[in-house]
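Subject: Handing over the structure we discussed

Dear colleague,

Please find below the sequence and the structure I promised to pass on.

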Amino acid sequence: MCKNCKITHLHNHSANSLADGASSVDRIVQRAVQIGSTAVGLTDHGTMLGTYDLYLSAKKYGIKPIYGCEFYITRDGVPYNERVKGYHHQVILAQNMTGLRNMYTLSKYAHGDGFYYKPRIDKELLFHHSDGLIVTSSCLAGEIPHLVVSGKHNKAEEVLREYLDIFGERFFLEAQFRKDFPEQEKVNKWLWDIAPKYGVKVIGTSDAHYASPDEKKEQEILKQMGSTAKDGERDAFSDGTLYLVHPDEIMQWYGNSDVVKQWMNNTLLVEEIVENFSPDNGEYVLPIVELPQDKPITIRSDDHDAYLAWLAFSQLEMIYEVGTPLYDRAMTQLDFELATIKRMKLTKYLLIIS
Ligand SMILES: [Zn+2]
Ligand SMILES: [Zn+2]
């Protein structure tokens, strides 16, 4: 039993992480409350589908929601829109509304031209849209842990510096709590050793794929569906710790270690720097929509309505013969529809899906 031990679980997957998360968002929030947390993060694989559910559940149970996503990020500088296999995991959390909007923007790229087996971003996109984002070194599939496990420590340090240059104090090294997983122990040790050199904080996460221990079976069945793994084959799930672990239990695994206590305390710092904001402010929260370079110069780069009208009228002239009664009628109808779209503030949405 650890007096005053508290944790904010920041890295959690819900059932929105396709076939890789057993619990509903509501269950995750409920569990966080049950173990005494005052905030909880949601970091589904490649999707932000659970954002609104997290907002609603957190409001219901009276805790702070931390909106996040575990993005897929290309390796070795491969541009997001190139069809090359291989990716790392990248955990990202929104510190404020600007961050959430940037995450939506990254997600738009990932699910558009970035989609190749998985919705992928690249480092250039991430760095370009870094405002309001908190990032971590992520799980064993993250770039830094992957390099550490491969013994490429210098390269891992180089990548760490690259992230610190962009994110500064919004970058955290992520140790993960495992009972028996040697690769993770190796990474945890490396992170802990390197942290003071750069003054970077280490946080502890459970990388939860189900809310509580009693949901382990559901998660196992989900994982086995469509998996090529043979019975008894070892993976990250083998030690059965991928749930929102109670702080007392964590301390028990690590023999009341002060280091581990510090990793837990640092998650509270993240909770503190995340603003308590609502993604539901009565306005649509959409990704940033940049108009293409080759737009007519008479249209300002922030005039999305004019650009949509230009697109629509250009098409109209290709379908109907200019000057005919049919063209005139279509033009009147189009005018009405564009005015309706503008009034309902749907212009950017239509530009995204067009
Ligand atoms: Zn991961
Ligand atoms: Zn994860």
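In which loop is D122 found? D122 sits in the loop that runs between β5 (118-121) and α4 (123-128). Please bear in mind, here and throughout, that you are looking at a predicted model. D122 has 22 C-beta neighbours inside 10 Å, and because a residue with 20 or more counts as buried, D122 belongs in that class. Leaving aside residues up to four places away in sequence, D122 touches I73, T74, V78, P79 and Y80. A110 lies 12 residues from D122 in sequence, and the C-alpha atoms of the two are 8.8 Å apart in space.

Taken along the principal axes, the C-alpha atoms fill a box of roughly 85 × 45 × 40 Å. If one takes the contacts with a separation of 6 or more, 74% of them are between residues 24 or more positions apart.

α1 and α2 pack at an angle of about 35°, with 9 Å between their axes, and the crossing in which α1 passes α2 is right-handed. On the α1 side of this contact are V25, D26, V29, Q30 and V33, which meet D53, L54, S57, A58 and Y61 of α2. Sorted by class, the residues of this contact are 6 nonpolar, 2 polar and 2 charged. After α2 comes G62, which has a positive phi, near 70°.

A second pair is formed by α6 (residues 153-167) and α7 (residues 182-198), whose axes come within 12 Å and cross at roughly 50°; the two helices are therefore oblique to each other. The crossing of α6 past α7 is right-handed. Here H153, E157, L160 and L164 from α6 meet W190, I194 and Y198 from α7, and by class this contact has 5 nonpolar, 1 polar and 1 charged residues.

The last pair I would point out is α11 (residues 304-319) with α12 (residues 325-343), which pack at an angle of about 155° with their axes 11 Å apart, so that α11 and α12 are roughly antiparallel to each other. In this pair, too, α11 passes α12 in a right-handed crossing. The residues that meet are D305, L308, A309, A312, F313 and L316 in α11, and A330, M331, L334, L338 and K342 in α12. They divide into 9 nonpolar and 2 charged residues, with no polar ones.

Definitions and conventions. Residues numbered from 1 in each chain as written. Chains lettered and ligands numbered in written order. Predicted model: local features only at pLDDT ≥ 70, side-chain atom pairs only at ≥ 80, totals over all residues. Helix = DSSP H or I, 4+ residues; strand = E, 2+ residues; numbered from the N terminus. Contact = placed C-beta atoms within 7 Å. Axes fitted to C-alpha atoms, helices over the stretch in contact; angles between N-to-C directions. Parallel < 35°, antiparallel > 145°, perpendicular 65-115°, else oblique. Left-handed = near helix turned anticlockwise from the far one by under 90°. Nonpolar A, V, L, I, M, F, W, Y, C, P; charged D, E, K, R; others polar. Buried ≥ 20, exposed ≤ 12 C-beta atoms within 10 Å, placed from the backbone.
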